[in-house]
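Please look over the chain shown below before reading on. The report is meant for a reader who has not seen it before.

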Amino acid sequence: MIKNSMRQMLRTPIKSFLFFLLLSAAVFLLALGGCLGAMTVENQKRFDRIFVTIGTVQQKPQYTQEEKIWDAEDQDYTAYNRPVYGDRIDESALDIEGVNYISGPENRPYYISVHDSYMLYDRETAGTGGGSSWAIVEVQPLEDCIPNEPVKLKIIRTLYSYFPVNSGEIYFCDHNNENPEKLFADKTYIMSLQLNCLRHGMFTDSPGPYESIPCIAPDSSQKDENGDKIPCDLSGKYIEEVTEGFYETEAGKAWLELVKAYKLADYSIPVTPVSDISLLMSFYNKDAYIKEGRSFEETDYEEGKKVCLVSGYFAKNNKLEAGDKLPLSLIMVCFGRSTQQYLPPAFLNAQGKFYEAFEEEEYEIIGIYDLVPGTDRYSDYTLQNNEVLIPYTAVGGTIKDNIAYYGPMKGYNTSFRIPNGSIERYKELWEKQENGELDIQFYDRGYTQLKKSLDSIRKIAVILVVSGSVTVLLILIFFCHLFITGQNVRTAIERSLGMGRWQCMVSMMSAVLILAAAGGFVGSAAGGSLTGKVAERMEGTPQYNREFSDGAIGAEEDEKAVNAAANGKEAENNVDETEINTSVNVGIPMAAGGIVFISAGMIAYIMMWGNLKKEPLELLTQKN
């Protein structure tokens, strides 16, 4: 029966070839559309899983103010512009109806933790080689002088220095003071100095001697909960004469308290609370990665667990591993500053005392992070060498008496996370707030561009599937009518010769189904094999670095590649997360071909059954 069916089909080669060709083309469209559709679904799931969309918030300055600083070498002022901000805006300004925040918004402070077990530097090597360091010393001029240029002083006593300071002569210059006070050779002075600075002749071929310049004096920057400075009676003088009984006076006690504060500060580290590690730009940009242990989990945030992440630098210096305990004694809170600006604003409170701890707890180290080689380690957005991260909810102590600095929102300390693809919606809602005091920058690592490409491909896929399905259906109906319904005379003759209904059905349908199977196979194979190339052409998105563009951050390696790079290993078989994966699931074109074959069988069966229900004489008398 099958041979007879094929023989009859070959008697109309043009019709048979057209059927095969047109059906192959239609199945090609169907398979291509199906593969593209499935590809967009898989890529969308992958992008939603690995991409994060965040916004950073910065308070706009109200105006810039010119300030001048005296330069003793030039004997003139150097002018610069300083931004002046209004009242600090609370993060509640970001509470917008209709916005679904995944995390945040949060205006992160950082805490300062002090503990005498911390090792921050290598004391044997970090201070050698003439590098700059801080010290509080008693000195005596070698002669009466006005320090508007380097003058010689003799160190009488070192009250504080992190690194060893050799007693002897130093050069001193009150470099940024237009009218420095005269110093007398028969008097002793206490000074807070930055040692070994090069100022005079710095940019000439014959620079002056390394000199010491004044730095922090006994003062306080303590703020209240509203950000207002708390008045204090500290003098703020960084040079004072030491007389008999000086350290029993209020000024002398303040200097001793400052010495104590400096000594304790040598064992201080910044501690940053966070509600989502993705809100930290170092982790968001994948400049930082977890090299040992694990990162924070949802339960850590929800339950406020006493857990922390420490830097590899700090862990190495302190011989710490994941699972160890780290004591944190939180003494100060700084709003509006980056941990890179870690030089403490002033270690004394408004009463001229060192801050008391508002919380003392042991935290379990659950992970150790590190920075990828080549990362800019001095950006305000980069984690500091000794920075410790803790869950935002882990701190239960009250901070109102320990606020040492209170500044405006900045991009490195105020951020939030929103669902992927919702940037435009957020902008629309934000514009309705009519808030011109805050500037919001969005980062999604290219998700917006990739989603636009996927949406374009998805639309084309829908058109191809619909047009392919309709075309396949019309082709099958038309040609099944030609090869089956239109062959009613043949059916009548075969039945008149004694063939049963089943034999007639095989005789008429087998060739049609064979051609349909061949056309379906060729079309689906072609559609599947060309999907990748078609998708690449349709995407047409140039790959470029969008790291700091509005609404997108540039193409980055995924976490596997970052970890491999950080360990000096080559990442292999790794798909760039910012590229559309054009690999094809072979099951899709196979399914398209199978659906077409089943459809061909059903349509042929329906038409054949219509013929078989009629008697042979009735078939012979009806018109085609």
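What follows describes the chain as a whole, then its strands, some backbone details and a cavity.

## The chain as a whole

The model is a predicted one. Its chain has 624 residues, and 47% of them are buried. Within the chain there are 13 helices and 20 strands.

The accessible surface amounts to about 30900 Å². Carbon and sulfur atoms account for 52% of that surface. Contacts between residues at least 6 apart in sequence were also examined: 80% of these join residues at least 24 apart.

Strand S1 covers residues 53-59. Six of its seven residues are buried, so S1 is largely enclosed by the rest of the structure.

## Strand S6 and its partners

Strand S6 takes in residues 133-141 and is mostly covered, with seven of its nine residues buried. S6 pairs with strand S9 (residues 189-197) in the antiparallel sense, over seven bridges. Ser-133 of this pairing stands opposite Leu-195 in S9.

Strand S7 (residues 151-161) is also joined to S6 by seven bridges, and the two run antiparallel. In S7, the residue opposite Val-139 is Ile-155.

## Strand S16 and its partners

Which strands pair with S16, and in which sense? Strand S16 spans residues 359-371, and five bridges join it to S13 in an antiparallel arrangement. Leu-330 has Glu-359 of S16 as its bridge partner.

Strand S14 (residues 307-311) runs parallel to S16, and five bridges join the two. In this pairing Ser-311 stands opposite Tyr-369 in S16.

## Backbone details

Most residues other than glycine have a negative phi, and most peptide bonds are trans.

A cis peptide bond joins Gly-104 and Pro-105, with omega at about 0 degrees. Pro-105 belongs to strand S4, residues 103-107.

Lys-286 is not a glycine, yet its phi is positive, near 65 degrees. This lysine sits in the loop between helix H4 (281-284) and strand S13 (288-293). Is Lys-286 buried or exposed? Lys-286 counts as buried because its relative accessibility is 17%, and the cut-off for buried is under 20%.

Arg-445 also has a positive phi, of about 60 degrees, without being a glycine. Its place is the loop between strand S20 (438-443) and helix H8 (447-483). With a relative accessibility of 2%, Arg-445 is therefore counted as buried.

Helix H2 runs over residues 13-50 and contains Cys-35. The relative accessible area of Cys-35 is 3%, so this cysteine is buried. Cys-35 and Val-465 are 430 residues apart in sequence, while their C-alpha atoms are 9.6 Å apart in space.

## The cavity

How many cavities of 30 Å³ or more are there? The count comes to one. The largest cavity has a volume of about 190 Å³. It is lined by 18 residues, and those closest to its centre are Leu-280, Thr-339, Asp-380, Glu-387 and Tyr-412.

Sorted by class, the lining of the largest cavity consists of eight nonpolar, six polar and four charged residues.

Methods
Residues numbered from 1 in each chain as written. Predicted model: local features only at pLDDT ≥ 70, side-chain atom pairs only at ≥ 80, totals over all residues. Heavy atoms only, no water. Helix = DSSP H or I, 4+ residues; strand = E, 2+ residues; numbered from the N terminus. Buried < 20%, exposed > 50% of the residue type's maximum accessible area, 1.4 Å probe, protein only. Contact = heavy atoms within 4.5 Å. Areas by Shrake-Rupley, 256 points an atom, 1.4 Å probe, with all protein chains shown as cover. Pairing = 2+ DSSP bridges. 1 Å grid on protein atoms, 1.4 Å probe; cavity = no way out; pocket = protein on both sides within 12 Å on 5 of 7 lines; lining within 4 Å. Points joined across faces, edges and corners; volume = space filled by probe spheres on them. Nonpolar A, V, L, I, M, F, W, Y, C, P; charged D, E, K, R; others polar.
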